[in-house]
Amino acid sequence: MSTRIAFLKGHGTENDFVIVPDPENAVDLPPAAVAALCDRRAGIGGDGLLHVVRSAAHPEARGMAGEAEWFMDYRNADGSVAEMCGNGVRVFARYLQRAGYAAEGDLAIATRGGVKTAHIAKNGDITVGMGRALLPEGDVTVGVGERNWPARNVNMGNPHAVAFVDDLAHAGDLLAPPPFTPAAAYPDGVNVEFVVDRGPRHLAMRVHERGAGETRSCGTGACAVAVAAARRDGADPAVTGAPATYTVDVPGGTLVITELPDGRIEMTGPAVIVAEGEIDARWLESAVR
């Protein structure tokens, strides 16, 4: 391993990431290394890590190489592997643009949740095609302290439980994963969104992300919230034949989510690269011992 490893730091509506460019998949990033890098006191700090690898160089992505040159090997802050991260896709696209691998316009990005399309607009916003939501059957309940709420089970390539509440403060500190029932609904854990109405087609949310705790934003979570709200509001595009667009405020900013009549979901928001530098590989090796 080289004694220096390049990195960047970026965020999408303050959902922040350590970015490790590694086109040939040569950097070993075991869970302990990811957790060390994402540590906000002893490392660089982030809600997750974006490992930038050419699809052809990664065993999990080779089958997508014909559709997408680049694979977003995404990890949660605790080092666990995740299927998808919507804000992460936007920041990943911004990195590719900054590095000269992509230009304004459309590009495809491989993820564990499938190939996602991104559009880099001239005004700087990035729109990501988030695929279609799955709505598993069955009742789900989430709780905080003595409060419990029914939740909508929405899968955006990763699992979500969406609970509409009267006050976002009712979600508590969100330091620990909110308990849910039945346990069989989410065998690998779940992202939990607490949602309030701000106005017509305007929502605000807080989220506990699986493997990261409360974050300032969650792109797939905002999509899940918009899908759940559209069903609650009688605005299912598959039924009405009209797109349903919701503005979703998160602690770190605002995302705009549109579900189309064919079920495809688009998410639009900012993505910013704030710093770049080098990781001392010797420090990283010592941090994982």
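Salt bridges and a cavity in a predicted model

Modeller: Let's start with D197, which forms a salt bridge with R232, the closest N and O atoms being 2.8 Å apart. By salt bridge I mean a side-chain nitrogen of Lys or Arg within 4 Å of a carboxyl oxygen of Asp or Glu. This is a predicted model, where local features need pLDDT of at least 70 and side-chain atom pairs count only at pLDDT 80 or more, while totals for chains, interfaces and linings use all residues. Residues are numbered from 1 along each chain as its sequence is written, and side-chain values use heavy atoms, with hydrogens and water left out.

Colleague: Which parts of the chain does that pair link?

Modeller: D197 sits in strand β12 (residues 191-199) and R232 in helix α3 (residues 219-232), 35 residues apart. Helices (H or I, at least four residues) and strands (E, at least two) are DSSP runs, numbered from the N terminus.

Colleague: How many salt bridges does the structure hold?

Modeller: There are 21. One of them joins E69 and R54, with the closest N and O atoms 3.1 Å apart. E69 lies in the loop between β3 (48-54) and β4 (70-76) and R54 in strand β3, so this pair ties together parts that are 15 residues apart in sequence.

Colleague: What about R98, what does its side chain meet?

Modeller: R98 meets E276 in a salt bridge (2.7 Å, N to O). R98 is in helix α2 (residues 86-98) and E276 in strand β18 (residues 272-280), 178 residues apart. E276 is exposed, at 53%, whereas R98 is partly exposed, at 46%.

Colleague: Which residues are closest to its centre?

Modeller: Of the 13 lining residues, those are N76, M84, N158, N191 and E209. The elements giving two or more residues to the lining are β4 and α3.

Technical notes: Buried means under 20% relative accessible area, exposed over 50%, partly exposed in between (1.4 Å probe, protein chains only). On a 1 Å grid over the protein atoms alone, a cavity is a set of points where a 1.4 Å probe fits but cannot get out, and a pocket is an open set with protein on both sides within 12 Å along at least five of seven lines; lining residues have an atom within 4 Å of a point.
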